[in-house]
Amino acid sequence: MVLVLNGVLQDECPLDTSTLFLQHPVYRDYAQQLHSIQAKSIGPVGLLYVGQRELAAAAPHDKNINIIGADDATTCIIVVVRHSGSGAVALAHFDGSGVDEAVCTMVSRVQELALGYPEGRIELQLIGGYRDSQGYGEDVFYSIMQSFHKHHLEIDLTQACVGELNTMLRGEINCPIIYGVGVNIKTGEIFPATFPDRGPDQQLRNARIFMGAQTVLDVYDSANGMLRIGPFNYDPLRGADLWLSQTDEFLLQHLSSSPDVEPPHFAPQTRATIRFIQENQFPAVTVFRDNRPRYYRRDDATGCWGLVRY
């Protein structure tokens with residue numbers, strides 16, 4: 001009994017987005033406020049990009065990061081946890097896998113970063129999970145709400161731009177209004193965003209998801225200011241050539257939970273990921289030598305992430 005909705009401590013977790021908006025219509029206003037903010041295209045300088053089944057946490061004084069963000073959320077939901085006293089923030093891109101453990105990690109990271117700062121509330125914001133025909137977004141929403149509701153701390157839901165509140169009609173097809181958001185870690189401002197440059201190791205990070213990893217990876221070492229990828233492994237992909245020989249439409253229909261509304265880069269990105277898997281059948285051997293993560297440090301000259309050589 002620790003989820004706070006519109007300032008009221010809840011005995012039970014809302015079963016779905018419709019119930020939430022019916023009982024607490026103020027979330028319609030909050031979502032509208034987010035829609036009214038001009039979307040920004042964020043470059044790589046000062047950006048910490050969080051991919052699907054990833055999370056990261058940082059504090060406002062972190063000199064390596066200005067913006068933390070994620071996009072390409074159709075049936076997925078981007079989750080932002082922020083401590084109002086310190087401004088410490090964690091962001092994750094959830095698709096339903098590994099949510100329980102990741103929620104605990106997000107809250108604990110924010111608490112650690114908030115030590116020594118004024119008292120404050122733990123605030124929760126949800127963006128994504130449009131109203132798809134299969135109800136995948138609703139399933140992700142419910143798993144997230146359940147996980148936060150089970151947490152021992154009071155957590156205040158301050159934004160729920162999900163379900164019908166993140167859905168518009170394009171012709172006769174429901175599609176997301178907002179696909180991605182950024183958070184300015186210095187000010188706490190949250191805004192619709194796209195990320196043309198998502199930082200290093202994108203194919204490697206996508207390969208982890210494509211090959212079925214069920215955990216949510218924490219990709220930022222805030223103590224040392226370094227982006228951290230892995231280590232992880234997966235089994236070789238059978239039939240890679242067969243997948244690569246298929247049309248873009250085939251890849252969309254068989255590898256997406258929302259084929260009608262994926263961004264244009266879905267199929268090319270998927271092909272690049274499959275080629276990477278084909279070339280790195282055992283990443284524990286070819287990528288993560290000696291079972292060490294790949295670390296990236298912010299380059300002072302370019303402002304972008306540079307691989308740390310050992």
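Buried means under 20% relative accessible area, exposed means over 50%, and partly exposed lies in between, computed with a 1.4 Å probe on protein chains only. Keep these cut-offs at hand for the tour.

The model is predicted: local features need pLDDT of at least 70, side-chain atom pairs count only at pLDDT 80 or more, and totals for chains, interfaces and linings use all residues. Residues are numbered from 1 along each chain as its sequence is written, and side-chain values use heavy atoms, with hydrogens and water left out.

**Stop 1: T270 and the largest pocket**

Select T270, which lies in helix 8 (266–279). Helices (H or I, at least four residues) and strands (E, at least two) are DSSP runs, numbered from the N terminus. T270 counts as buried because its relative accessibility is 8%. Leaving aside neighbours within four places in sequence, T270 is in contact with F210 and L255; contact means heavy atoms within 4.5 Å.

The largest pocket holds about 680 Å³ of space. On a 1 Å grid over the protein atoms alone, a pocket is an open set of points where a 1.4 Å probe fits, with protein on both sides within 12 Å along at least five of seven lines; lining residues have an atom within 4 Å of a point. Grid points are joined across faces, edges and corners, and the volume is the space filled by probe spheres set on the points.

Which helix supplies the largest share of the lining? Helix 5 does, with five residues. Helix 5 (202–210) and helix 8 each supply at least two residues of this lining.

**Stop 2: salt bridges**

Side chains of opposite charge can pair when their charged atoms come close. A salt bridge is a side-chain nitrogen of Lys or Arg within 4 Å of a carboxyl oxygen of Asp or Glu. The structure holds 14 salt bridges.

Select D71 and R198. Their closest N and O atoms are 3.2 Å apart, in a salt bridge. This pair links distant parts of the chain, 127 residues apart: D71 is in the loop between strand 6 (67–70) and strand 7 (77–83), and R198 is in the loop between strand 14 (190–194) and helix 5. Are the two residues buried or exposed? Both D71 and R198 are buried.

Select D248 and R271 next. Their side chains meet in a salt bridge of 2.9 Å, N to O. D248 lies in helix 7 (residues 248–255) and R271 in helix 8, so the pair ties together parts that are 23 residues apart in sequence. D248 is partly exposed at 40% relative accessibility, whereas R271 is buried at 13%.

Then select E123 and R121, a salt bridge with the closest N and O atoms 2.6 Å apart. E123 counts as buried at 13% relative accessibility, while R121 is partly exposed, with a relative accessible area of 43%. To end this stop, select R28, R131 and E164, which are linked in a network of salt bridges.

**Stop 3: D132**

Select D132, in the loop between strand 9 (122–130) and helix 4 (136–150). D132 is buried yet has no salt bridge; R131, the nearest side chain of opposite charge, is 8.2 Å away. For charge, Lys and Arg count as positive and Asp and Glu as negative, while His and the chain ends are not counted.

What lies around the side chain of D132? A polar atom of this side chain is 3.2 Å from the backbone nitrogen of Q134, and one is 2.9 Å from the backbone nitrogen of G135. Leaving aside neighbours within four places in sequence, D132 is in contact with T75 and G137.

**Stop 4: backbone details**

Select D72, in the loop between strand 6 and strand 7. D72 has a positive phi of about 60° although it is not a glycine. D72 counts as buried, at 17% relative accessibility.

Move on to D290, in the loop between helix 9 (283–286) and strand 18 (294–298). Phi of D290 is near 60°, a positive value in a residue other than glycine. D290 is exposed, with a relative accessible area of 67%.

Finish with G230 and P231, where the peptide bond is cis, with omega near 5°. P231 is in the loop between strand 17 (226–229) and helix 6 (240–244).

Methods
A polar contact is a pair of N or O atoms within 3.5 Å; within protein, one must be able to donate a hydrogen and the other to accept it, and residues adjacent in sequence count only if both atoms are side-chain atoms.
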